[in-house]
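Dear colleague,

I am handing over the structure we spoke about, and below it you will find notes on what was found. Please read them with the conventions in mind.

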Amino acid sequence: MKSAEHPFQFVTVSYLTRIGNQSARNLGELRDGLEKCSDASVFYHTFQSLGWHHFLTEGFSNDFAQWALSALNRAELAERLAALDIRGYLDLNELRTDLLRVADEFCNAHPDELTRPAFEPFYFCEAVEVTVPLGWEARTLEEFRRGVQHLSTGSFHFHFLVSRLRLHLRTNDFSQWFANELGLETLAQRINGMDVYTNTLDSARAKLIEYIDQELAA
Amino acid sequence: MTEIKTETKRDEKTEVRSIHLDDYVALLGEPEIDEIRTLAGKLSGRTVQMVNSTAMGGGVAEILNCLIPLMDDLGLKPRWDVITGGNAFFEVTKAFHNALHGGAYEARKEDFDLFHATTELNRKRLQFDCEFTVIHDPQPVGLIESRPGHAGHWIWRCHIDLSQPNPDVWGFLRPMVFKYDAAMFSSPSFARQLPIPQYLAYPCIDPLSEKNAELDPAYVRSVMDRFGIDVGRPIITQISRFDRLKDPVGVVRAYQIVKRYADCQLVLAGGGAVDDPEGGVVLEEVRHAAAGDADIHILDLPPWSAMEINALQRASTIIVQKSLREGFGLTVTEGLWKKKPVVASAVGGIPAQIIHKHTGLLAHSVEGTAYQIRFLLSNPAIARKLAEQGHEHVREHFLITSNVKRYLTLFLHSMQSS
C-alpha cells in the first residue's frame, strides 16, 4: 500500500454565528442585502446552511431559497435559488453574483413583488470559523479510512465542501489528497462526484468509505 | 373535561447532578464528543466566570447547572457566581425585564439609583479575575464596571427578546452593554444594533435531565392512568403555562375542529395559575371553552413536574405549540427530541426549530393548526418522518453539548482575535 509523502491532516471545525445589522422584510430588501452583505454572510447562508441541514435530503439547499419559499411563498424563485450548486463555486463573490442574477431576473419579471411584505424577516448573519487540528493524520488509505470514520459531520463538511473555497479548485481535501499523494485519480473523481444534495453528509461519508473499501479490495 | 390539580409538594432544593461529557456519547457519538474535547484542549486551565441572578429556578440557572460541570470536566476552571439584592432590587429588575420585552414602564430615578447601588454592592462582594467572564441577562450587566482595565474577555449573554425594548430602560442599560467585548442573543430577531459583535446562541435542552431523559414505558403508562388519559386513542398535547400568549383557548378551538374528523383527546398541561393572577383568569377561560368534553384534559401542574411532563410528551401522538408570541419555545425542542411530530406557530424562535414540512409543520391560525393536526393524524408515515428529522435537528443544534461547544468556540475566537 502506497504511503503518502505528505500526510492527510484531519481538523475539527466549529462555527460561531455572528448576527449582522442587515435584515430584509421583502424581496427588494433581500436583493439589496445580497449585494451588500459580506462574503462571510454569503458563506453562512449557503455553504454553512447546507451543513446545518445536512440530514435533510429534499427541498432544502440554502437559506435564501428557503426564505423565498416559506416567507415570500414564491416557489419559482425558491427553486431557482436552490438550484445553484455550491460545489460549482470556488469564490463566494461568484456565488453572490449568481444569487443576485436570479433575484434580479425574478424582480424584473415581477416588479410588483419587490415590496410585498414577507411573513417573517430575513436576518443576514455571518459565519466565524475556528479550526483546530485533531492531532491525528493518515499516510495510507487504511489510515485515512479509520480517520474519516472518526470525523464529526461538521468536520466532514469542512473537508468535503468548504475546502474548495480554501483550495480554489473544483475538488475537495479528500480527492486532492488521493490524487496528489496516493495517485488514486479514479477514486478522487468518484468521491468528488458524490451528490451532497440528494445524500445526507452521513450517507455521503458511507459512500466514501464504500469506495475506499472497493479500492482496498482491488 | 377532566381537570387535575396536583397537591403534593416536595423539597424544592436544587439537586446539582454530577455530569460528564462522556455521558452524552451514546446520544451524539464519539466523534462529536472527541471534537468538543479537542476544542477544549486549547483552553485547558483557562478560568471562566459565569454570573447570573439566581441559583435555582428559571432557564438560565438550569443551563448553568449543566454547563459548569461540563466545562470543569473539559479541563477549564469554571466558576458560577450569583448576584444578591433585596426584594426591591428584584422588583426593579422584573419591571426592567417586562419593559425590555416591550411592556409599559414609567421611568423612575430611584429605580435606576437602586440598580446602580446594588451593582456596587455586588462589585465589592464578587471577585473578577477570570480570563472569560460571561454575564447573563440585564440584572448583573453593570458588573462590567469591575473589569480591571481591558483585561480578560467580557461577554454579555442576553436571554431575552430585545427587539422592542422600552427606550428608557434600554437607554439606561445600553452604555453598560457597549463596554462588553461581545453579546450573545437567542435569536437574530432579539438583537439590537450594537457597536460590539453579536453572536447567535440558541437555547438548549439537556437530553439527560428529568424532563428529557428516556422513561420506562410502565412509568409513562402510570402517569397517563393517573391523569385518566386513554393511551389507545390519539393524544394531542400542548405543554405551557396558562398564559394568553400561549393561546390555550385557540388550541381548544383547533382541537374542536379536528374532533369533527378524527377521534382524539386534548391535553393542556402547564402551571402558572396559582401565582399569576392572569394565569387563573386564562385557566377559567380554558375551562369554559372545554366545558362538556370529557376528552379534554386540563392539568394544572406544579413546577416540580418534569417527569410527568416528560411522560405526557412521550405518550402524545402530536405536540402542539400554538403561541401568539414566543421566546424560543423549548417545549417545541422537547417534543422534537422525543420524536414527536410538532405543529407550532411561526413565531419567535419556533421557525428555527420547525422547518416547515421538514422537521414539523407551521401554522398561522386556529384553522391552520387544526388542518395540520388532521393532516398528521391521517398520514402517520409523514408524521414519523417529520418527527425523525426533527429529532435529528435537535440532536445537532439544540442540546446542551452544542451550547458547550459554542462557548468554547467563542473563547477560542476571542483569544485568536485579541
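A residue is called buried under 20% relative accessible area, exposed over 50%, and partly exposed in between, with a 1.4 Å probe and protein chains only. This is a predicted model, in which local features need pLDDT of at least 70 and side-chain atom pairs count only at pLDDT 80 or more, while totals for chains, interfaces and linings use all residues. Residues are numbered from 1 along each chain as its sequence is written, chains are lettered from A and ligands numbered from 1 in the order in which they are written, and side-chain values use heavy atoms, with hydrogens and water left out.

Most residues other than glycine have a negative phi. A:Asn73 also has a positive phi, near 55°, and is placed in the loop between helix H3 (63-70) and helix H4 (75-82) of chain A.

Chain A has ten helices and two strands, and buried residues make up 55% of its 218 residues. In its helix H9 (residues 185-192), A:Leu187, A:Ala188 and A:Ile191 are buried. They lie on the same side of H9(A), because they cover an arc of only 100° around the axis, the arc being that of the directions from the helix axis to the C-beta atoms. A:Thr186 and A:Gln189, on the other side of H9(A), are exposed. Among the elements that cover the buried residues are helix H6 (141-149) and helix H10 (201-217) of chain A.

Turning to the interface, 39 residues of chain B are in contact (heavy atoms within 4.5 Å) with 33 residues of chain A. The two chains bury about 3,100 Å² between them, 64% of it on carbon and sulfur atoms; buried area is the accessible area (1.4 Å probe) that two parts lose on being put together, summed over both. Across this interface the rule finds zero salt bridges, a salt bridge being a side-chain nitrogen of Lys or Arg within 4 Å of a carboxyl oxygen of Asp or Glu.

How values were computed
Helices (H or I, at least four residues) and strands (E, at least two) are DSSP runs, numbered from the N terminus.
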